[in-house]
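Hi everyone, thanks for coming. Please have a look at the sequence and the structure on the screen, and I'll talk you through them.

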Amino acid sequence: MKLVIQRVSEASVEVEGEIVGQIKKGLMVLIGLKEGDTTEEADYLINKLLKMRIFPDDEGKMNKSVQDVDGEVLLISQFTLHSSHKKHRPSFHNAMNFKDAEVLYDYFCDKCSEQIHTETGSFGAMMNVQLINDGPVTIVIEKEFN
């Protein structure tokens with residue numbers, strides 16, 4: 001499981017001309033799921049995501065979490081994060097199959113929304129994502145349990 005986290009001043013996701021998710025200050029997160037990912041990994045990464053201190057404190061140091069600043073989270077499924085690039089055209093054989101990925105993505109979104117205001121994209125849809133990266137701050141985290 002891989003997360004690409006961007007600290008944003010605002011972000012939105014559009015499907016077929018309609019905004020389906022939108023946040024102000026917070027985190028826009030691309031979620032890549034691969035075969036073998038589990039809810040245990042999801043729980044670990046949700047905890048890390050929501051406690052990651054990447055927002056400035058009163059002295060301008062990255063010392064506050066998205067929860068500390070009353071921020072929001074926008075979660076977007078992104079199967080291409082687990083592509084392999086051996087040739088000129090990427091392969092997606094490492095990505096989790098559609099059915100299982102949708103279940104795990106929904107789990108991730110539901111667990112996040114229990115702790116913070118969470119918006120989402122539409123799983124499996126073609127989406128237009130817009131954001132204003134604050135900083136810019138972009139962090140990639142991943143976790144594999146073996």
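Let me start with a definition: rings of Phe, Tyr and Trp (its six-membered ring) pair if their centres lie within 6.5 Å, and planes under 30 degrees apart count as stacked, over 60 as edge-to-face and the rest as tilted. Before we use it, a word on where this comes from: this is a predicted model, where local features need pLDDT of at least 70, side-chain atom pairs count only at pLDDT 80 or more, and totals for chains, interfaces and linings use all residues. Residues are numbered from 1 along each chain as its sequence is written, and side-chain values use heavy atoms, with hydrogens and water left out.

Now, the rings. By that rule we get 2 aromatic pairs. In one of them, Tyr-105 and Phe-123 have ring centres 5.5 Å apart and planes at 40°, so the pair is tilted. Tyr-105 belongs to helix α2 (residues 98-113), while Phe-123 sits in the loop between β7 (118-120) and β8 (128-142), so this pair ties together parts that are 18 residues apart in sequence. Helices (H or I, at least four residues) and strands (E, at least two) here are DSSP runs, numbered from the N terminus. Together with Phe-98, Tyr-105 and Phe-123 form one aromatic cluster.

Is Tyr-105 buried or exposed? Buried means under 20% relative accessible area, exposed over 50%, and partly exposed in between, using a 1.4 Å probe and protein chains only. With a relative accessible area of 3%, Tyr-105 is buried.

Next, the cysteines. How many disulfides does the structure hold? The count is 0, where a disulfide is a pair of cysteine sulfur atoms within 2.5 Å. For Cys-109, the nearest cysteine sulfur is that of Cys-112, 7.0 Å away, and that is too far for a bond. Cys-109 counts as buried at 8% relative accessibility, and Cys-112 is buried too, at 0%.

Finally, let's step back to the whole protein. There are 2 helices and 8 strands, and along the sequence they follow the pattern β-β-β-α-β-β-β-α-β-β. The radius of gyration is 15 Å, close to the 15 Å that the globule rule gives for 146 residues, so the protein is as compact as a globular protein of that length. That radius is taken over C-alpha atoms, and the rule is 2.2 Å times the number of residues to the power 0.38. Buried residues make up 42% of the 146.
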